[in-house]
Amino acid sequence: MRSRRQLLAGSAGLIAAGLAGCTGSGGSSEPSSGAGSGGENETTTTTTEEPESDTSYTVEMRPHGEFAFDAVPETYGVLDSAYLDMGVALGVQPAAAVGLERAPLKYYESLDGATLDTDEVTALGGDGGYEKSAFVDADADVWLADPRHLSETTDWSDADIEEVESETGPFVGSSIEFGPEANAEPESVYTLYEAFEKVAAVFGREQQFRTWQSLNLNVTGSINDALPGEDQRPTVAAIGPDVDPESGEFHVQPLGELQNNTKSYRRVGMQDAFAGNYPDGPVGYDDLLEVDPDYIGVVGALTTSTHEEFVSDVVEPFENHERGGELSAVQNGNVIRSGGQFMGPIVDLYSTEAVAKMVYPETFGEWPGAVGEVPEGERLFERQLVSDVITQNF
């Protein structure tokens with residue numbers, strides 16, 4: 001493996017080169033039109049009326065089909081999903097959202113260019129308590145949300161969804177490699193960056209997306225180059241979202257390619273301790289001890305908990321539990337945490353950096369415990385470069 005110093009130097013150079021190769025603004029370019037001359041006699045010139053520019057465009061989102069826009073949406077709403085992070089990554093403030101009490105604000109506070117003014121966001125409810133009136137009052141031009149989520153978690157009918165769309169804007173969203181249902185219909189599931197590309201198209205910010213894509217590929221490549229051989233990579237049992245070691249009941253989160261919430265563990269080459277043997281329901285300590293993973297990864301805790309909360313609510317209860325203390329991961333201090341629920345492009349970078357440091361500190365540097373405390377010389381991606389992409393300063 002390369003040394004941490006070599007990795008950081010190489011990563012910064014690759015990212016800078018990728019951004020330098022992306023020029024132009026992040027928005028859509030409008031067609032130009034001009035007036036013709038009436039002839040050589042300047043006193044008898046005439047002008048022709050300029051045709052109106054056609055600003056309409058379409059965006060396809062499977063499995064829902066094609067959506068037509070007369071103009072770029074000025075406002076949008078989201079549910080508690082990765083789509084919120086995508087909007088922030090494009091520098092667009094949401095008008096309405098669900099679940100901001102668990103939003104990934106800590107990541108945005110570490111970036112000069114990322115902003116999410118919660119005072120300007122209309123609350124839509126949550127926990128199945130969405131009211132149609134809240135959506136109508138928010139009057140978003142577009143909803144970055146999969147309408148199937150509303151059908152599955154509320155008593156909304158197709159007619160309810162159509163009513164909200166007719167009075168506001170369309171629901172343009174789809175599954176993003178998350179949950180068991182994603183594996184059941186992979187043809188209609190997007191990877192994170194596939195969905196991100198669609199969102200960028202909705203806002204006419206294709207160039208900005210390509211710059212994000214370049215940055216992401218360079219960070220991923222630098223990390224991959226520094227990883228140990230596959231036979232030396234540790235196993236992990238990813239569990240979540242709300243872990244209570246005292247209960248002895250855990251929900252395993254697969255590391256499959258169609259799982260966005262466990263993306264960070266895949267990004268650093270970890271092996272799934274339950275691969276090929278996924279349980280139908282919750283597992284207990286007997287199941288964990290049978291696979292005895294090198295690491296236990298708590299999905300989402302990097303976003304929803306502070307370091308102190310994670311230690312007191314998860315790590316110490318594992319250590320103090322009679323069966324939990326028998327796990328190798330617990331004995332070796334290898335209970336770690338990652339992002340999850342809001343895993344868009346920004347959260348993805350921070351979560352990948354955190355997991356890489358927790359698992360390979362000799363290569364990527366020690367994890368300090370909080371996303372905002374990583375020393376500048378030990379960061380796996382340059383914060384200012386990310387801010388520049390968000391603000392289209394490239």
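User: Is the crossing of H9 and H17 left-handed or right-handed?

Analyst: H9 crosses H17 in a left-handed way; a crossing is left-handed if the near helix is turned anticlockwise from the far one by less than a right angle, and right-handed if clockwise. Helices are DSSP runs (H or I, at least four residues), and strands are runs of E (at least two), numbered from the N terminus. Please note that this is a predicted model, where local features need pLDDT of at least 70, side-chain atom pairs count only at pLDDT 80 or more, and totals for chains, interfaces and linings use all residues. Residues are numbered from 1 along each chain as its sequence is written, and side-chain values use heavy atoms, with hydrogens and water left out.

User: At what angle do helix H9 and helix H17 pack?

Analyst: In general, two packed helices are described by the angle between their axes and the distance between the axes. Here H9 (residues 206-226) and H17 (residues 383-390) pack at about 160 degrees, and their axes are 9 Å apart. That makes H9 roughly antiparallel to H17, a label for angles over 145 degrees. On the H9 side, the contact is made by Gln208, Thr211, Trp212 and Leu215, and on the H17 side by Leu385, Val386, Val389 and Ile390. Contact means heavy atoms within 4.5 Å.

User: Which residues of helix H6 are buried?

Analyst: In H6 (residues 158-167), the buried residues are Asp160, Ile161 and Val164. Seen down the axis of H6, these buried residues fall within an arc of 100 degrees, so they line one face of the helix. The arc is taken from the directions from the helix axis to the C-beta atoms. Buried means under 20% relative accessible area, and exposed over 50% (1.4 Å probe, protein chains only). On the other side of H6, Asp158, Glu162 and Ser166 are exposed.

User: What do the buried residues of H6 pack against?

Analyst: They pack against helix H4 (132-138), strand S6 (142-144) and helix H5 (147-153).

User: Where is Glu353, and is it buried or exposed?

Analyst: Glu353 sits in helix H15 (residues 345-359) and is buried, with a relative accessible area of 1%. Its side chain and that of Arg383 are joined by a polar contact of 2.8 Å. For such a contact, a pair of N or O atoms lies within 3.5 Å; within protein, one must be able to donate a hydrogen and the other to accept it, and residues adjacent in sequence count only if both atoms are side-chain atoms.

Conventions: Axes are lines fitted to C-alpha atoms, for helices over the stretch in contact, and angles run from 0 to 180 degrees between N-to-C directions. Angles under 35 degrees count as roughly parallel, over 145 as roughly antiparallel, 65 to 115 as roughly perpendicular and the rest as oblique.
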